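Student: Can you walk me through this one? I'd like to start at the ligand.

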Amino acid sequence: MPEVIRIKNLSKTYNNKVTALKNISLSIFQGECYGLLGPNGAGKTTLMKIIYGKAKYYTSFDELSVLGYNPLKDDLKIKYLTGIIPQEDNLDEELSVFQNLYVYSKYFGLPKKESEKRIEELLEFMELTEKRNVKIRQLSGGMKRRLTIARALINKPKLLILDEPTTGLDPQVRHNIWDKIRKLKNEGVTILLTTHYMEE
Ligand code: ADP
């Protein structure tokens, strides 16, 4: 199995003061679901941001490779092949469920027909078909999270990065989201996620 993420002795400080990461090493292989477990402030989000090229300063390492690219230089190439689900749901409140997905598909240059087909597939996969024309503010927290995951899947990513995908959701919704993550893993998507729930 190819190595999707390879990190050796990675450290990061914020403003040369706060040490967020100290000598982290890990290898994640294609098709694996890799979890980072730790309390708030442990450095999980920082590590994810480095992996998708969003945190670039005061970073030292011996090796840092994501899908064969260096996140410090090739962040756009990584973004093109990756789906990112941040902690906060940053959906466009003014748009409908469908429109949120459609606008996002344009970032990846999907032609109209292909994009519409992909969106319908994703709405079905995430059980949101009935909500396709509803505005974001009318969705529950669990629906918003599912939509954020659907949005991250628009470009059929090889790597899916989820920052606390189940935080703040009730047990039934958490169960449902885990079910979807398991299906994606079975399709061969490599998954990196954080959680602070021990049982997860
Ligand atoms: P986690 O995701 O595990 O809660 P974070 O990666 O958010 O941890 O934080 C790790 C450490 O880095 C914490 O001490 C946090 O206060 C600090 N930190 C995170 N982001 C910043 C920032 N933008 N500026 C300064 N310090 C930060």
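Tutor: We'll take the ligand site, then the sheet.
Tutor: This is a predicted model: local features need pLDDT of at least 70, side-chain atom pairs need 80 or more, and totals for chains, interfaces and linings use all residues. Numbering starts from 1 along each chain as its sequence is written, and side-chain values use heavy atoms, without hydrogens or water.

Student: Which residues are around the ligand?
Tutor: Tyr14, Val18, Ala20, Pro39, Asn40, Gly41, Ala42, Gly43, Lys44, Thr45 and Thr46. Each has a heavy atom within 4 Å of the ligand.

Student: What is the shell by class?
Tutor: Five nonpolar, five polar and one charged. Gly counts as polar here, and Ala, Tyr and Pro count as nonpolar.

Student: Where does the largest share come from?
Tutor: From H1, with three residues. Helices are DSSP runs of H or I with at least four residues, strands are E runs of at least two, and both are numbered from the N terminus.

Student: Which side-chain atom lies 2.6 Å from a ligand oxygen?
Tutor: A polar one of Thr45. A backbone N or O atom of Gly41 lies 2.7 Å from a ligand oxygen. The cut-off for a polar contact is a pair of N or O atoms within 3.5 Å.

Student: Switching topic. What is the strand order in the open sheet?
Tutor: E3-E8-E7-E6, with parallel pairing. Strands pair if DSSP finds at least two bridges between them. The edge strands are E3 (33–37) and E6 (82–85).

Student: How many bridges join E7 and E8?
Tutor: Five, in the parallel sense. Leu160 stands opposite Ile191 in E8.

Technical notes. Polar contact = N/O pair within 3.5 Å; in protein donor to acceptor, adjacent residues only side chain to side chain.
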